[in-house]
Amino acid sequence: MAKPMIFHEKEEFLKTLRRLVREGVAKERIRVITPFSVAEVEEILPRMPSHVQVFALAGAASGTVGGFAFTILSTLSWPLIVGGKPIVSIPPFIIIAFALTILFGALSTFLGFLLLSRLPSIRRIRSVEEYGNAFVITVEPEEAK
Amino acid sequence: MAETEKYDRADREILAAMGKPGRLYLLVLAFTVTLVASGFLCWYHQYRVGLGVAGYTHPVNWAVYITNFVFWVGIAHSGTLISAVLYLFRARFRTSFNRPAEAMTVFALMVAGLFPLIHLGRPWVFYYLFPYPNQRQLWVNFRSPLIWDVFAVGTYFTVSVVFFYVGLIPDLAIVRRCKEGIRKTIYSVLSLGWEGTRRQWRHYNMLYLFLAAFATPLVASVHSVVSWDFAMSILPGWHTTIFAPYFVAGAIFSGTAMVITLVVPMRKILVLDRYITDDHFESIAKILLFTSLIVSYAYVVETGLAWYGGNVFEIELFRYRAWGHYKALFWTMITCNSLVPLTLFARRLRRNIAYLFCVSLLVNVGMWVERFVIIVSSLARDFDPYVWDTQMYRPTFVEVGITLGSFGMFFTLYLIFLKTLPVLSITEIKEHL
Amino acid sequence: MERNLKKPAILLAVSGYFGVFLLITVALGFSWYRGGQAPDQPIAFPHTIHVSKLSLPCNFCHIYVDRSRHAGAPALETCMSCHRAIATEREEIRKLTRHYEEKRPVLWIRVYSLPEHVYFSHKRHVKAGVDCSECHGMVGAMKKIRRVGSLEMGWCVSCHRAKGAPRDCATCHK
Amino acid sequence: MKRRDFLRIVGVLTGSTLISSCGSGNGSKKFISSILPPEEGIIPGEAIFSPSTCTECPAGCGLSVTLREGWPIKLEGAPGHPVNDGGLCIRGQSSLTRLYHPKRIANPMLRNGGGKFQGISWEKAISLVSESLADSRGSGRKNLYLSGRTTGSLSALTGMVCRKLAVERLPEFEVYSHSAVKEANGLLFGQREVPHYRIENADFLLTVGADILETHISPVSCTRKLSRARGRGEIRWFHVEPHLSLTGANADKRFAVLPGREAVLLSYMLRHILDRGPRRPGLPPEVANALQRLSAESASEGTGIPVGGLQEIRDAIANARRPLVIAGGVSTAHPEGLEVAAMAGMIQWVTGEIPGLVDFARGENYGGVGTFRDMEDLSGRLGKGEVGVLFLSRTNPVFSLPKAYSFRENLGKAKLSVGMGDLLDETMQEANLVLPLSHSLESWGDAEPRRGVVSLVKPVLNPLHDTLSEGDILLRLMGKGSGEGSPTGYREYLFDAWGRKYGKKGRDEFLKRGYVEESFPAKRVFLDGRKAASLLEGMKSSAGELGRPVLVLAPSLRTYDGRGRGLPLLSEIPDPLTTISYGRFLSVSPGTAKESGLKDREEVTVSSADWSEVLPVKVQPGLQDGVYQVFRDFVASPPLRTEKRTGGAVEYIDGARLVKSGKMAAVPILSGSSSQQGRGLIPDPAHKGEKHHHGRVSLYPEHGHEEYRWAMVIDLALCNGCSACVAACHIENNVPVVGKKDHLKGREMSWLRIEPFYGDAGDVEFLPMLCQHCHAAPCETVCPVYAAYHNPEGLNVQVYNRCVGTRYCSNNCPYKVRRFNWFWHRWEKPLNRMQNPDLETRGVGVMEKCTFCIQRIRAAKDRGKDEGRKVRDGEVTTACAQSCPTGAIVFGNLLDADSRVSRLAGSDRAYRVFEALGTDPSVYYLHGKTRGSGS
Amino acid sequence: MKGFPGQGSGLVGMCVLAGVLVALTQFGPIAKDGASLLLALLFWATVIEGCVAAVAAGTLIKARWVASVKRELLSVYPLLLFVSILFLFLVPFVDSYPWAGRRGLWFDKKFFVGRNFALLLLAYLSARRFSLASERGEEGEKVLAALYLFVFVASQSLMAFDWVMSLMYPWISTLLGGYFFIESLFGGFALSGILYVFLYGRQQRVGEPEGRSDMKDLAILLFGFSLLWAGLFYSQFLVIWYGNIPEEVSFLVTRLSSSPLRELTVSIVFFYFFIPFLVLLPGRSKTNPYVVFAVSLSVLLGILVERFVFVAPVVTPSPLALGIDFLVLLVLFVFFVAKRGGGRRVLGKVQGRS
């Protein structure tokens with residue numbers, strides 16, 4: 001584990017980061033910690049696609065399907081006429097389906113986030129070295145990979 | 001000075017709120033808690049004796065409880081609006097409001113969720129309302145608006161909590177840093193061991209974007225569904241197509257007002273002027289004005305078309321609203337929701353925090369009254385003239401008690417929030433510092 | 001990456017929701033069939049003997065079963081018609097005789113009781129060819145009568161489903 | 001054989017009561033083996049019916065009592081009974097609540113030194129009475145027997161016992177004694193009788209003050225005959241009265257006459273009929289001459305009826321082939337009452353419709369009934385202290401008699417006053433000794449309301465309390481009084497009497513059928529010209545004008561002369577004209593209200609010379625100015641004069657003054673609006689047919705029904721708002737009585753309500769409103785838990801134990817017929833015995849509503865299944881339809897093309913309320929003033 | 001004609017010509033109904049007011065993309081005057097409204113014509129005032145924008161209630177007004193989309209990191225509005241479907257029972273919602289000019305079809321007359337954009353393409 005470089009100015013930090021990239025340090029070896037999301041970092045280092053959206057879509061889709069399935073099947077299981085409305089009356093069911101879409105969508109997105117960003121991490125909950133509000137770059141030694 | 005120090009100061013100043021509670025705080029807390037207690041007693045009385053202890057006068061079968069439900073769900077809305085919608089619109093001033101607003105959403109929903117149960121005739125069988133497989137082999141009626149409520153509000157609550165929590169994660173990491181002992185552990189666990197690495201931030205931003213994207217239509221849908229609790233009936237004054245957008249606007253209107261009501265004193269007491277500026281207030285005042293205009297538009301159209309349609313039921317209803325038993329309330333509503341906010345066209349008034357505060361209070365009152373008028377007056381004047389209310393509905397001490405209790409509960413929760421969680425989203429503020 | 005993530009996500013969502021329901025259903029399912037306890041009756045009437053040994057038909061004593069909604073308990077007169085002569089020395093029969101002579105009706109402890117809001121007619125079920133044992137179990141094999149089946153709504157409904165009997169709420173709910 | 005019979009009854013009762021508890025209904029944890037198997041034909045869980053007679057008012061309607069597990073749970077009119085033929089009025093329906101009344105006197109009570117009552121045994125009571133009888137006989141005091149109207153065997157027995165015990169039997173006391181009518185008939189025809197009017201044979205009916213639909217003689221029988229005739233469209237009916245009665249509101253035409261001036265009107269009519277040329281038998285000349293001549297104008301001026309009106313009535317009578325004139329009620333209860341009655345008689349004579357329409361042979365048994373003057377005398381004798389023992393049976397003079405008689409005070413001067421009754425009313429409270437009477441459902445007896453019509457009173461259960469029937473009491477007294485052998489009990493006495501009268505077979509027949517009707521030859525009567533003439537002479541001079549404004553004391557539909565006040569159900573059901581349920585009120589005309597600025601519920605002090613009362617006001621459309629109206633039972637011991645000649649009371653208080661007290665009283669007026677607000681609930685026949693039966697535009701696929709679609713047709717032309725259906729519904733369906741406090745909040749529970757809607761002319765139409773069982777019901781869709789749904793037979797079912805009480809269904813019901821249980825409703829013992837075990841009694845927080853008596857449908861289908869057939873038309877009917885005296889309500893299966901319901905529903909008079917909402921109700925209304933059942 | 005500042009009299013001439021043409025369709029041999037003109041006006045009034053409204057809204061919320069198409073959008077405002085004049089041609093047609101001859105303050109021919117004409121004129125004036133201000137980038141620009149938006153909302157609502165809803169009297173939907181001005185705004189955005197593609201379509205660079213191009217903003221806006229529209233549509237439909245009150249339902253039934261109408265009615269939902277929503281769902285398509293172009297077209301088409309469905313079942317427009325009216329206005333519209341806006345470029349593009 002190489003010792004981290006700590007910066008107190010954003011610009012400085014970014015400069016160093018750019019330098020490292022120019023020097024051709026393997027991107028995977030550069031580890032960056034910032035007190036808040038810094039857009040520039042993403043520009044300097046090559047973007048890797050985030051797969052959170054996959055979870056979002058999957059969840060939403062299953063919500064829609066589940067919602068319709070649930071409402072339709074349950075009404076058919078004991079068909080009761082109310083107010084002369086058809087047993088399977090889609091317009092109202094849309095609402096249920098929609099609600100479930102959002103619900104599952106949101107939840108699975110959150111789940112996805114946790115999975116992808118390796119949270120919660122017991123190790124770090126136990127002990128994590130704090131850098132306060134500083135910007136940190138650590139370059140993992142070669143043999144790390 | 002170094003940027004880091006600026007950030008540190010931000011941490012200090014915002015987290016200062018979480019310090020030891022002062023006497024004032026405790027006094028207020030005690031007060032709100034007593035409210036909750038008395039509210040609970042009233043409810044228990046009603047539970048034992050029967051719903052008759054409330055002031056319902058048939059055909060007015062719905063009144064204060066449903067009013068409160070709609071009111072609190074409405075309050076909840078601005079939270080999501082400010083954090084989600086404004087996030088999508090990349091409105092800067094959002095950062096200084098979103099945390100309290102989101103907290104408000106969660107708490108308001110917790111309060112709102114109680115009222116459908118309180119107003120049930122047989123609260124002990126409330127579980128009939130939930131779709132779960134049971135030995136009776138019965139399901140709920142998905143064609144009933146009340147079931148839509150269960151789903152909409154349920155979803156809304158879950159999503160809001162997630163959204164709130166996600167927003168908190170990086171801040172919790174900061175709190176973790178500043179705390180010691182058991183507190184530290186708690187916050188460490190809550191912060192899930194957040195580090196702030198690039199990977200985390202990337203996914204985090206993605207997540208936040210998506211949550212915002214999900215929450216935005218949700219906001220609209222939830223209050224639409226609430227409005228459909230009424231619009232799905234065939235009752236004159238309830239059954240009208242404009243209700244959905246009108247209620248959504250109304251909800252955001254009242255919610256925004258409540259945000260102002262909460263944030264103004266908060267900023268004063270916690271000295272957060274650096275992070276919540278007058279400009280921010282001005283922009284939120286604009287939202288207030290805008291939504292007020294929509295609501296007024298709805299008033300005009302509703303009444304106008306009742307007259308235009310020449311439908312005896314509709315005409316009588318709107319006459320009754322304006323000149324009948326509840327005329328005082330009706331005109332209060334017009335004044336508070338349509339007339340007073342118009343003053344916000346004046347920039348000077350928009351920027352006058354004290355004035356804004358008063359307006360927000362008035363709007364809160366106005367919107368509560370609006371729901372009351374819509375619900376009660378429509379019920380009191382429906383098709384068969386024989387059942388027209390022979391005497392005016394008046395809430396009894398039970399209803400009043402429970403209503404006050406709900407406010408008590410809301411503020412209690414909010415006060416606890418002030419002392420336990422960072423009141424502003426520090427990380428985002430830093431971003432724009 | 002994408003493919004092997006979508007699948008579990010969907011599975012999780014769908015099966016998660018319905019899976020929970022499935023579990024609850026199964027759990028409840030067990031409770032339906034646990035039946036009830038067998039109380040001690042004022043007179044230890046042995047169905048074993050009367051039903052199995054003597055193979056008396058049910059409606060020999062429960063005379064109203066095919067005429068009314070109630071099966072009805074036999075009048076002591078009926079019992080005595082035999083037990084004036086038979087097994088008079090037995091303690092239980094003595095009890096019976098005492099009851100009869102002192103004109104004290106026998107208060108049996110109810111094993112099958114339905115809630116007030118349910119309309120149930122023995123007549124209809126008997127006429128529809130439902131065998132007594134389908135609800136009351138093998139009475140002949142019970143020393144003491146105990147409740148078979150939960151008498152919960154689900155219990156009735158599943159039979160009605162199976163037999164294609166009406167499932168209109170108003171058939172059973174008053 | 002008597003013994004076995006007796007055992008049978010008791011056997012039935014004990015046996016089935018015991019069995020009853022193995023019904024699942026009452027959820028008892030016990031399961032009972034009775035001693036003996038019950039009688040054949042008695043099956044637990046199945047209803048049995050027993051004939052009896054209603055004793056709520058003198059009319060003596062026949063009953064068919066529904067018994068479940070030995071408890072009477074419902075009273076219905078006995079079909080085919082010569083008096084009521086299946087109909088039963090609101091009071092009759094409520095009689096059951098008298099039987100089960102929690103406050104019934106449970107045992108004999110004696111007033112002790114402290115003036116408090118304390119229970120004593122019957123033996124003690126009886127011996128006490130006979131002792132005091134004896135020693136008052138010794139001390140030369142008179143023993144008196146006063147009772148309410150008594151007919152049949154009881155009357156005979158009373159007579160006998162009185163003779164035996166040397167007790168003077170006083171004329172019976174009834175507030176409505178029809179003394180004027182009796183006097184007039186005595187005068188004219190030598191018949192001191194209240195004749196039987198054959199409405200069914202008339203083609204024109206003019207009722208003068210006679211409230212034939214409410215209390216007059218035999219209201220149910222009148223209503224039934226009248227509505228039959230109207231159904232066939234064979235009769236026109238005009239009504240003349242000074243005030244506004246439910247009867248007047250239902251007449252084809254109603255004329256408000258100046259109080260006390262009816263005689264002028266009738267003499268004008270009579271004169272006109274004479275002038276129209278001789279109609280046999282004509283009038284003797286002296287009478288004709290004595291009859292004064294009036295121009296239409298002066299007549300109109302004298303009666304307050306516009307000339308046009310007078311001519312209309314005049315021509316109606318003149319042109320009718322068989323006109324019938326009935327004078328009575330308030331119109332014969334004033335100084336000129338005698339003349340009014342006499343005129344009516346003479347018109348009848350002149351038109352030659354005696355005995356065709358006015359039958360003296362079958363006189364209504366009012367012979368034994370005395371007058372107010374008799375009571376005045378009694379009071380006097382009491383005052384003189386010459387009375388020893390005074391029996392007061394089934395009568396409440398303390399309440400009904402004017403203060404001036406000071407009856408209450410004098411009653412104390414009797415040595416022993418023996419009150420006999422079931423509830424502790426004003427008179428009973430004054431009595432020294434209280435002997436509780438059994439309810440007619442607990443005792444044997446018979447009644448002869450009309451000569452030749454004998455109706456059976458038969459017990460259906462053992463007395464709930466330690467009570468005896470009046471007959472038994474008398475017999476016991478006699479037994480004590482004189483040692484020689486007398487029947488052991490009233491039952492045996494009756495069986496002997498009947499045996500002697502009808503023979504054994506006849507008696508058994510009587511016991512089964514519940515009534516016998518003997519036939520008489522018609523009785524010819526002749527007009528006594530001299531008396532008639534002198535009466536007319538007298539009339540010229542006498543000025544019967546009452547000093548206005550006048551307060552009219554009207555008989556009450558709900559409580560007759562006040563005897564129904566004790567029954568909670570009767571106060572729960574609102575008065576149909578005012579929709580006021582609980583409490584007293586004073587009706588004033590809109591004109592009066594305007595000029596003196598009175599609003600509903602405003603309290604006023606109404607006072608005359610020596611009397612005043614504080615009453616809330618109800619503005620009553622259709623009431624003429626200068627007339628105030630109050631129900632008889634609202635005013636205790638009112639200041640009434642006795643009329644010199646007839647001895648009857650003058651039911652008017654003239655020169656009544658109103659003084660606003662400025663206070664508002666809490667009066668439950670259930671109707672939110674007296675007019676329809678132009679919403680066409682009852683479409684104006686002028687433009688009928690518009691909007692009705694328009695093809696329903698709908699976005700939903702049609703859903704059908706396989707076997708049955710239950711539906712109801714209500715003929716508004718026949719419905720007269722008598723509210724019998726409401727009472728019937730209450731009792732059939734265990735609808736709780738909630739009381740005034742909830743009524744003030746509009747929280748009444750009645751599943752069926754009568755909505756009166758007034759026109760601008762003060763004319764009123766009644767709309768019975770109940771669950772419409774919509775084909776596309778708004779209430780169902782919004783229920784989150786399917787507690788409300790549409791069942792395969794077209795019923796809108798409410799599953800009580802699924803209901804969670806969101807009350808959305810009620811909000812969304814345009815007819816607002818759903819009722820919510822705001823509290824737990826307690827059924828004070830023994831009222832709970834009245835509950836129908838076929839229904840659940842609803843707990844708190846549950847929505848309930850009309851079910852079209854689904855339990856009856858279920859029973860009918862059960863029967864049908866047993867016999868392997870569908871339910872026949874008319875086999876099943878709802879409680880409301882069954883009780884309706886006019887037969888306005890018809891219930892049946894809409895899918896069966898030739899059922900009465902579907903035929904009526906197809907008629908061009910049929911419409912449904914708020915059809916434009918597309919709810920497609922199953923309740924059809926037949927509208928239009930044009931009477932006639934439309935089939 | 002002071003509505004046309006400084007621009008050569010060419011446009012004025014064209015307008016007059018157009019007016020004559022339309023007059024022919026109205027009063028001439030072709031058609032007497034006026035339904036076609038009503039339809040054409042409904043569409044174009046919506047679009048034109050929408051364009052200005054889009055700019056006004058953009059200015060209020062400081063949307064950056066507005067600047068790029070501002071001039072073109074604003075250039076069409078004088079047509080509002082033309083439209084309001086054409087509206088007067090409808091006066092004889094007013095009698096064929098179902099409420100015609102019905103006594104009542106609101107349903108009175110003079111008042112009807114009066115209020116609508118007045119409001120159109122007002123819309124024109126406020127649009128003019130605003131566009132002048134914003135072209136000069138004046139101080140009170142925002143105030144005027146807000147002012148215009150008020151008039152815009154009012155006039156669109158009135159159009160909904162008077163021109164359309166009263167055709168189906170006594171059918172009532174309180175939402176229709178809001179529905180209309182949202183659609184109009186939607187149309188405005190759609191048009192800006194089209195113009196944007198015309199103007200910058202080529203040099204649009206696709207796929208820059210965290211790309212926040214105006215194009216994308218517009219696409220997102222369209223996406224969002226398609227959702228908003230769906231919401232409004234659903235909340236109107238659901239209430240009517242659920243209540244199932246004959247008076248209300250008849251509106252839907254007439255449009256869903258007969259064949260060609262049914263398909264058209266259903267297609268509306270696709271034009272407005274499904275196409276924009278599904279097409280714009282994936283992030284990449286938001287930055288593709290052709291996609292945006294297509295979507296915008298579908299939206300405009302949606303407006304046209306919907307207006308047709310509203311009017312057709314009550315009064316059938318004759319295709320020929322409709323065609324003429326519609327084309328006339330289209331040509332005018334294009335020319336205004338071309339001449340007054342910096343639209344020469346646009347035309348250049350058009351020729352370039354063809």
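Predicted model: local features only at pLDDT ≥ 70, side-chain atom pairs only at ≥ 80, totals over all residues.
**Exercise 1. The interface of chain D and chain E**

Describe the contact of chain D with chain E: how many residues take part, how much area is buried, and which polar features does the rule find?

*Solution.* 

Step 1. Start with the residue count: chain D brings 11 residues to the contact, and chain E brings 8 residues.

Step 2. Next comes the area. About 950 Å² is buried between chain D and chain E, with 65% of this given by carbon and sulfur atoms. On the side of chain D, 63% of the area buried against chain E comes from Val697(D), Leu699(D) and Tyr700(D), more than from any other three residues.

Step 3. Now sort the residues of chain D that touch chain E: 6 are nonpolar, 4 are polar and 1 is charged.

Step 4. Finish with the specific pairs.

**Exercise 2. The setting of Leu185(E)**

Place Leu185(E) in its chain, then decide: is Leu185(E) buried or exposed?

*Solution.* 

Step 1. Locate the residue: Leu185(E) lies in helix 7 of chain E, which covers residues 176-200.

Step 2. Apply the cut-off. Leu185(E) has a relative accessible area of 13%, and buried means under 20%, so Leu185(E) counts as buried.

Step 3. List the neighbours. Leaving out residues up to four places away in sequence, Leu185(E) touches Ala53(E), Ala54(E), Phe152(E) and Phe225(E).

Key:
Residues numbered from 1 in each chain as written. Chains lettered and ligands numbered in written order. Heavy atoms only, no water. Contact = heavy atoms within 4.5 Å. Buried area = accessible area lost by both parts, 1.4 Å probe. Nonpolar A, V, L, I, M, F, W, Y, C, P; charged D, E, K, R; others polar. Helix = DSSP H or I, 4+ residues; strand = E, 2+ residues; numbered from the N terminus. Buried < 20%, exposed > 50% of the residue type's maximum accessible area, 1.4 Å probe, protein only.
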